[in-house]
Amino acid sequence: MRALETCLYVDDLDRAEAFYSGVLGLPLYSKVAGRHLFYRLEGSMLLLFHPQASAQPGDVPPHAGKPGGHACFAVAREETDAWQARLEAGGLTITRYAWGDRGESLYFHDPAGNVLELAPASIWGLPA
C-alpha cells in the first residue's frame, strides 16, 4: 500500500496556486474556482481544498479541515542545495535539518501556514 492522495487546506486558493505552481513548479492537474486545486505528483496526487467550500455536500463526500497540516515531498539528495536556493529566492525562510547519514530535510511554510518538507526518501530508509 502507498499513499495515493495527500490533502492540505488553504484559505486563499489564488495564493496557493501561485505558490505551488510558481515557487514549487508543480503541474496543476485540475481546479474548481473557490473549492480546490489538484496537483499531479510522481505516483500520487496533492489535493488543496478551501476549508469552507470543500465542507459542503456535493458529488463527493465533504472534505473538512483547516490549514496547519504537513506534507513531505521526496527530492533527490543531490538536489537539496538547489531547492534551498530556489525556495529562498522565492522569499521563504528555510529550516534545514540533518538526519545523520540518511540525508537532510528542508522545512518551510506555504502561504496558508502548512508545514512543507523536502527530503530524500532515504530519511525513512526508502529507495529513491
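**Briefing: sheet, helix and pocket**

Tyr107 stands opposite Glu117 in E8. The model is predicted. That residue pair belongs to the antiparallel pairing of strand E7 (residues 104–109) with strand E8 (residues 115–119), which are joined by four bridges.

**The four-stranded sheet**

- Four strands make up an open sheet, and their order is E5-E8-E7-E6. The pairing in this sheet is mixed.
- Strand E5 (70–74) and strand E6 (95–98) are the edge strands. Each has a single partner strand, so one side of each has no neighbour in the sheet.
- On average, neighbouring strands of the sheet are turned by 25 degrees against each other, with direction ignored.
- As a general point, strands of a sheet pair through backbone hydrogen bonds, and the pairing is either parallel or antiparallel.

**Helix H3 and Trp83**

- Helix H3 spans residues 80–89 and lies across E6, E7 and E8. Its direction is at about 15 degrees to E7.
- Trp83 is a residue of helix H3.
- Trp83 has a relative accessibility of 16%. The limit for a buried residue is under 20%, so Trp83 counts as buried.
- With neighbours within four places in sequence left aside, Trp83 is in contact with Val23, Leu24, Val75, Leu106 and Leu118.
- Ser30 is 53 residues from Trp83 in sequence. In space, the two C-alpha atoms are 25 Å apart.

- Strand E2 (residues 28–32) runs antiparallel to strand E3 (residues 36–40), and four bridges join them.
- Leu28 stands opposite Tyr39 in E3.
- E2 and E3 form a hairpin, with three residues between the strands. Gly34 sits in the turn and has a positive phi of about 80 degrees.

**Asn114, in the loop between E7 and E8**

- Asn114 is found in the loop between E7 and E8.
- Is Asn114 buried or exposed? Its relative accessibility is 0%, so Asn114 counts as buried.
- A polar atom of the Asn114 side chain lies 2.9 Å from the backbone nitrogen of Gly68.
- Gly68 is also among the residues in contact with Asn114 once neighbours within four places in sequence are left aside.

**Ser54, in helix H2**

- Ser54 is located in helix H2 (residues 51–54).
- Ser54 counts as buried because its relative accessibility is 0%.
- A polar atom of the Ser54 side chain lies 3.4 Å from the backbone oxygen of Pro51.
- Ser54 touches Tyr9, Arg35, Phe49, Pro62 and His63, not counting residues up to four places away in sequence.

**The largest pocket**

- The volume of the largest pocket is about 1,100 Å³.
- The pocket is lined by 33 residues. Closest to its centre are Glu42, Cys72, Phe73, Ala74 and Val75.
- Which elements give two or more residues to the lining of the largest pocket? They are E5 and E8.
- E5 gives the most to this lining, with five residues. E5 is also an edge strand of the sheet.
- Val75, one of the residues closest to the pocket centre, is in contact with Trp83.

How values were computed: Residues are numbered from 1 along each chain as its sequence is written. This is a predicted model: local features need pLDDT of at least 70, side-chain atom pairs count only at pLDDT 80 or more; totals for chains, interfaces and linings use all residues. Side-chain values use heavy atoms; hydrogens and water are left out. Two strands pair if DSSP finds at least two bridges between them. Axes are lines fitted to C-alpha atoms, for helices over the stretch in contact, and angles run from 0 to 180 degrees between N-to-C directions. Contact means heavy atoms within 4.5 Å. Buried means under 20% relative accessible area, exposed over 50%, partly exposed in between (1.4 Å probe, protein chains only). A polar contact is a pair of N or O atoms within 3.5 Å; within protein, one must be able to donate a hydrogen and the other to accept it, and residues adjacent in sequence count only if both atoms are side-chain atoms. On a 1 Å grid over the protein atoms alone, a cavity is a set of points where a 1.4 Å probe fits but cannot get out, and a pocket is an open set with protein on both sides within 12 Å along at least five of seven lines; lining residues have an atom within 4 Å of a point. Grid points are joined across faces, edges and corners, and a volume is the space filled by probe spheres set on the points.
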